[in-house]
Structures are given as structure tokens and as C-alpha cells.
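Please open the model in your viewer and keep the selection panel at hand. The tour moves from the whole chain to single side chains.

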Amino acid sequence: ILSPYLKGGGATAMNFAALGQDILQATLEIPFSIPPYVSLLARSVVTLEGIALKGNPGYQLVGEAYPYVVRRLLEQSGSGSAKLTL
């Protein structure tokens with residue numbers, strides 16, 4: 001669902017109407033709730049991305065965060081056999 005929205009370019013490149021429809025569709029198919037702290041984190045990330053896009057319009061938050069997220073996921077897996085090449 002989210003792949004079209006992770007291309008970079010921030011909020012200016014997003015179609016929020018389509019994103020809203022996709023999220024609505026997902027909530028109808030899969031019942032879930034978002035904890036308040038996740039909403040707060042999302043608002044913070046969006047604000048920081050907006051600041052970064054002022055300095056660099058081509059900034060890609062997901063691209064910048066991806067290596068860190070992968071590294072953390074591999075550390076938490078605890079398997080010890082996973083190898084990450086960056």
C-alpha cells in the first residue's frame with residue numbers, strides 16, 4: 001500500500017487524497033488502532049522532513065533512514081547469522 005508514497009520528495013510529491021483512501025481501505029480490511037505515541041512520532045518525523053526539504057528539495061527521508069532501520073531490525077532478530085552490507 002505504501003510503496004507509491006515512499007519515492008521521496010516529501011509532502012509536495014504525495015497525493016494525500018489517494019493516501020487517505022488507501023489507509024481507509026486498509027483499516028476496513030484489517031482492524032487496528034494507532035497508539036498515541038506513534039501518532040506523535042509521525043507528526044515529528046513529518047515536521048523534520050519538512051525542514052530538511054527546505055534545504056534540499058530532493059531529500060528522501062526513507063532512503064536516509066533505511067540503513068539504520070535495517071541495522072536495528074537485524075540486531076533485534078538475535079539470529080547472529082544475518083549479515084548487512086551497506
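What follows is a series of selections, each with a note on what is there.

This is a predicted model, in which local features need pLDDT of at least 70 and side-chain atom pairs count only at pLDDT 80 or more, while totals for chains, interfaces and linings use all residues. Residues are numbered from 1 along each chain as its sequence is written, and side-chain values use heavy atoms, with hydrogens and water left out.

Of the 86 residues, 9% count as buried, that is, under 20% relative accessible area with a 1.4 Å probe and protein chains only, whereas exposed means over 50% and partly exposed lies in between.

Next, select Val-38, which belongs to helix 2 (residues 36–55) and is partly exposed because its relative accessibility is 34%.

Finally, move to helix 3 (residues 61–77) and select Arg-72 and Glu-75, which are about one helical turn apart because three residues separate their positions. They form a salt bridge whose closest N and O atoms are 3.6 Å apart, the term requiring a side-chain nitrogen of Lys or Arg within 4 Å of a carboxyl oxygen of Asp or Glu. The structure holds one salt bridge, and Arg-72 counts as partly exposed, at 36% relative accessibility.

Conventions:
Helices (H or I, at least four residues) and strands (E, at least two) are DSSP runs, numbered from the N terminus.
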